[in-house]
Each structure stands twice: as C-alpha cells, then as structure tokens.
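Please keep the sequence and the structure at hand while reading.

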Amino acid sequence: MSAKSDLTGRGPMLMAMVLAVLGYQINATMLSPALPDVIERLGTTTAAAGLSQTLFFLMAAIGQVTLARLSDQRGRKPMMIVCALVLIVGNLLCVFAPNIEVFIAGRVLQGISAAMFTLAFLTLNQLLTPAAFGKAAGIITAVNGGLAGVDAIAGGQIADTIGFRGIFVCSTLIAVAGLLGVRKYVPDVPATATDGRFDSRGIAALALGLTGILVGLAQGGAWGWTSVLTLGFLLGGLASLVFFVVSQKSAANPVIDIDVLASRRAWPLLLTTICTLGGAFGAIALTIPLFSQDTRVGLGLSAVTAAVLFLTPIQLIGVVSAPLTGRLGPKVGWRTVVVTGAVANFAIFLFATFFLHQEWILVAALAALGVTYGGFMLTGLNGLAVTTAPKDKPGSLSGLNGACFGIGASLGIALASAMITAGSDAGGVTEAGYQHAMYAALALLGIGVVTALLIQRPDPADPEAAEASEDEPRLVVAHH
C-alpha cells in the first residue's frame, strides 16, 4: 500500500464520502417530524410506524457489524458501493410504498446502509496521515449529527407540504451523487484480512436474536403481551442470542470478541450506550415528535414548528458542544465526561417528564440535551471506547460500541412505541400513553447512570492508559 498522504488533493474523495453518508443520515433525522404524516398517508398505526423506526436502527447496528467486517476481506470501496445501492433501493421502496409493509421493507434496507459511516472512517484511516485523518473525521462527524438542525426543519416543511415521500426523493438524489462520487474518487485500498471465514452463522443468530426481542417489545402492546406471537418473538430472540454467544466461543473469526465483552472496561460501557440511546433518542425521535403534533392530547403543533422547537436546538447546540467535549475529554478523562453526562441527562429528562405539557419548559429542557446528550454522551462514549480498548485489539471495543448505538436507538423506539400503543383508546393515543413512554425513557437513563458508574476507572500506573489520555483519540462515531 502506498504511503499515507495529507488532505491535499483529497477534496473530491472527501466530498464523495460526505454525500454518501449524508444520503443515509437524513433518513435518520428528517423523518422524525414527518412520522404523523406517514401514519396518516399510509393509513397505519403508531405501533407500525414505531416498528419501522425500530427496524431501521436495528438494521443500522447489524449493518455496521456485518459490512464493516466483510470489508476487511472484500475491500472498503466495494462495500461502500453496496451500501449506496442498498440505500437507493430502500429509498425507492419508501417513495412508492402503497402500504406500511412496503415502507417497512424500505426502512430495513436504508438502515443497513448505516455501515457507510464506519466504512468511510476505515478508508480514511488507511489513506491519510493521522493529522489529516483527524480533520477529515471531524467533517464526517459533523454530518453524523445531521445538518445542525436544518434537516429536521426541512423534514417538517416537506411533511407539511408535499408529504413524507419527498424526504426519500431528496435522500435518493444525494445517495446517487454519493455513489457516483465513490466510484470515481475513492481509491481501492487493499483488504486488511486475507484469511479467516466470515462468521455468517454468528451474524444470522445476532440478527434473528435482536430482531425477535425488539419486534416483540415494539408490538407487544398491539398483539398482547401474553399472546403466542409476542412470546414467540421474545423467546425466539432470546434463544438466538444465547446461541450467538455460545457460537462466538468456538468461531474461527468471531463477530464479537467474548473476552473483550466480559471485561469491566467493556460491558458497563456498552450498557451505558444502549441505555443512553434507548432513553434519550427514543424520546427525541418518536415520543416528542408525536406528542408535539397531537391535536387531541398533545401540543397540536405543525411538523415545522415541532422540528424548530424540539429537534433543531439539540442538533444545533450539539454541533458546538461535541468538539468542545472532544477537547475536554483527554484533560479530565473520558469516564468523567460519560458519568457527568449520564447524571445530567437523567436530571433533564426528569424535569421534561413532569413538565411535558409546558411547551417552553420542554423546549429549554430538550435544548439542554444538546450539551449533555449531543456533546458529553455521544462524544464521551465514543472517546471512552477508543481509549480503553485493548492495545492488541484496538478496534474491538469501538466496533461493539458502534453497534450498541443502533441497538439502543431501536430499543428506545420499540419501548416508546409499546408504551404509546398500550396507552391508546378508541379515540387514539391518550395523555397517559405519552407519559408512560417518557417514564420508560427515564428508567433507561437511570440504569445508564448506574452502569456508567460501574465503568472501570483507568489505572494511572498503566502506561497504555496514560498514553491514551494524552493523545487525541480517533473517534469511531456511530449514527444517532
């Protein structure tokens, strides 16, 4: 492989990657304010719309684990092209969806394409010097949080005028431009793994397990918690996960390193990521958009107004606070950043839950999440995963943590959807439904505080830990 270079002459390549990841990202951020429009135009239920979101983020987790590892053997660029094609097909299914079933199929394909983020980081890391990689990673990371809230406003405007399908038309145009850019400007880099079979059995067990549990949780309220269908999904998913863990111990090329997973530097961190995304993102992406536009028991706002008040401030403040947190982390310690953010998140959500109907108090509380969630937690969790990973397996913990972002997001939406559905009557969602969804988010964030405190403290006598705290970490940022 040729020597690594700086960013000089790499502008077209970086722009192609930005377009490629942006095509996916706007499907994660622009659709939230348009969910009521999806429900109305497709004649579906809140539970079904919630399921589409759950599966979208679940497939994002599975896609990141699967396609990123597959790229070690098949090459980064070929898998980036696959991601772009999958995204385009998923978008077209959503554009022309005649019903919720086709729409969900499209969302599943869109979610898989989240691997584009990880593939972009891996490619940049192989091609650029450390200094140039840091600059390029910062640009890709900025896309990761959306377009500073502009995309949420645009999503609301599109929903209020031409309908949700317009969002996927925009995503398709960007994805096509990204595909063409990747094919022309992203160079082929050698595969990093030439031996070892891909653990397709493990990937299948992981996908079935997570899907079974999360679909069971999302639909339990609609199907009945003791129904054969719900119990079948939940128990089948649990059995698949048990098989997955057992199979990883004997797999020649395991999907997840069980030794790393069992360490106190890993499992409390991963649980904190899942609970943080489950609590905060579940409410931000589903409960708040639905509640704020509900004319019966909610605030009765338009999609644009709801986006401006409740989504844009989080993203806009997060764009500023995330880089500042990145500078703070190495100085005070990434564990300190994570614990502080977890406690602050819980306190803010406690306030928001009890003042849900006070519009401007809710606006202020959610804006504060731009610092504690968008800055401290999202940056801190990634920083901690990078700096505490075993030196002989540097990507192991980052890869697991990246998958947990998607798992947490899908879990949070599944629980919020279940609570909202369970709290509905003949006239639609009740006030209790939204309140219970916020309580579920609060419970997850509370668990996240406990697990954050259980994260192993770095040993000051460990030279590797000292080195990690002094160096600027390379953050492997997952979608959110």
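## Phe 349 and its neighbours

Leaving aside residues up to four places away in sequence, Phe 349 touches Gly 279, Ala 280, Ala 283, Leu 369, Met 438, Ala 441, Leu 442 and Leu 445, where a contact means heavy atoms within 4.5 Å. The model is a predicted one, in which local features need pLDDT of at least 70 and side-chain atom pairs count only at pLDDT 80 or more, while totals for chains, interfaces and linings use all residues. Residues are numbered from 1 along each chain as its sequence is written, and side-chain values use heavy atoms, with hydrogens and water left out.

## The chain and its core

The secondary structure comes to 19 helices and two strands, these being DSSP runs numbered from the N terminus (helices H or I with at least four residues, strands E with at least two). Of the 480 residues in the chain, 58% count as buried; buried means under 20% relative accessible area, exposed means over 50%, and partly exposed lies in between, with a 1.4 Å probe and protein chains only. Among contacts with a separation of 6 or more, 82% join residues 24 or more positions apart.

The largest nonpolar core has 145 residues, and those with the most contacts inside it are Tyr 24, Leu 31, Phe 103, Phe 310 and Phe 349. Such a core is a set of buried Ala, Val, Leu, Ile, Met, Phe, Trp, Tyr and Cys residues joined through side-chain atoms within 4.5 Å. Helix H3, residues 46-74, gives the most to this core, with 14 residues.

## Aromatic pairs

Rings of Phe, Tyr and Trp (its six-membered ring) pair if their centres lie within 6.5 Å, and planes under 30 degrees apart count as stacked, over 60 as edge-to-face and the rest as tilted. The count by this rule comes to ten aromatic pairs. Tyr 24 and Phe 56 form a stacked pair, at 5.5 Å centre to centre and with 10 degrees between the planes. This pair links distant parts of the chain, with Tyr 24 in helix H1 (residues 11-29) and Phe 56 in helix H3, 32 residues apart. Both Tyr 24 and Phe 56 are buried.

The pair of Phe 351 and Phe 355 is tilted, because the ring centres are 4.8 Å apart and the planes stand at 40 degrees. Phe 351 counts as partly exposed at 44% relative accessibility, and Phe 355 is partly exposed at 33%. One aromatic cluster is formed by Tyr 24, Phe 56, Phe 57, Phe 117 and Phe 281.

## The cavity

The structure holds one cavity of 30 Å³ or more, and the largest cavity has a volume of about 40 Å³. On a 1 Å grid over the protein atoms alone, a cavity is a set of points where a 1.4 Å probe fits but cannot get out, and lining residues have an atom within 4 Å of a point. Grid points are joined across faces, edges and corners, and a volume is the space filled by probe spheres set on the points.

The residues lining the largest cavity include Gly 279, Ala 283 and Ala 441. Helices H13 (267-293), H17 (396-422) and H18 (431-454) are the elements that give two or more residues to this lining, and the largest share, five residues, comes from H13. The lining divides into seven nonpolar, five polar and no charged residues.

Technical notes
1 Å grid on protein atoms, 1.4 Å probe; cavity = no way out; pocket = protein on both sides within 12 Å on 5 of 7 lines; lining within 4 Å. Nonpolar A, V, L, I, M, F, W, Y, C, P; charged D, E, K, R; others polar.
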